[in-house]
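This report describes one protein chain for a reader who has not seen it before. Please look at the sequence and the structure first.

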Amino acid sequence: MRAQTSAQRFTFPCRVYYEDTDAGGIVYYVNYLKFMERARTERLRHLGFSQAQMATENLLFVVHSSQARYHTPARLDDELLVSVQVEALKRASLKFYQQVRRVSDDALLCEGHFTIACVRADTLKPRGIPELLYAAFNADVQDFAGE
């Protein structure tokens with residue numbers, strides 16, 4: 001595994017497809033969680049870490065808890081930006097703060113806090129975050145604190 005740090009907030013672009021909407025034509029609430037999951041995965045990839053590779057190294061990240069707040073709905077074809085920031089970092093877990101915003105007007109659609117645990121793939125027992133990944137996440141925490 002290799003790590004690359006980035007001193008800016010990570011954002012992941014996505015678009016609302018028909019499959020993301022409910023009978024009322026707005027994004028079904030659980031899909032915001034999917035958008036945020038994808039953004040966290042892409043954040044890892046951007047730092048140089050592949051979840052598939054980490055699994056072969058007996059390492060998984062699992063959602064321990066989540067909290068989401070919905071502000072205003074997204075609709076079919078909306079372009080979205082999903083941000084990822086590390087709020088807190090511990091030896092075997094991290095807490096992320098995420099937002100989903102509509103590109104056209106920068107409206108905050110949804111925000112959430114997610115506690116992610118680092119576990120062994122074979123036993124699902126907690127394990128320490130690898131040093132390189134910890135250092136990369138620690139740079140994000142320092143950036144978050146500086147905002």
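## Basis of the model

The model is predicted: local features need pLDDT of at least 70, side-chain atom pairs count only at pLDDT 80 or more, and totals for chains, interfaces and linings use all residues. Residues are numbered from 1 along each chain as its sequence is written, and side-chain values use heavy atoms, leaving out hydrogens and water.

## Overall fold

Three helices and five strands make up the elements of the protein chain; helices (H or I, at least four residues) and strands (E, at least two) are DSSP runs, numbered from the N terminus. Their order from the N terminus is β-α-α-β-β-β-β-α.

A box of roughly 45 × 35 × 25 Å along the principal axes holds the C-alpha atoms. Of contacts (heavy atoms within 4.5 Å) between residues at least 6 apart in sequence, 70% join residues at least 24 apart.

## Burial and surface

Of the 147 residues, 39% are buried, meaning under 20% relative accessible area, with exposed over 50% and partly exposed in between (1.4 Å probe, protein chains only). The accessible surface is about 8200 Å², from the Shrake-Rupley method with a 1.4 Å probe, where for residues only the protein chains shown count as cover. Carbon and sulfur atoms account for 50% of this surface.

## Tyr28

Tyr28 sits in the loop between strand S1 (10-15) and helix H1 (29-46). Because its relative accessibility is 38%, Tyr28 counts as partly exposed.
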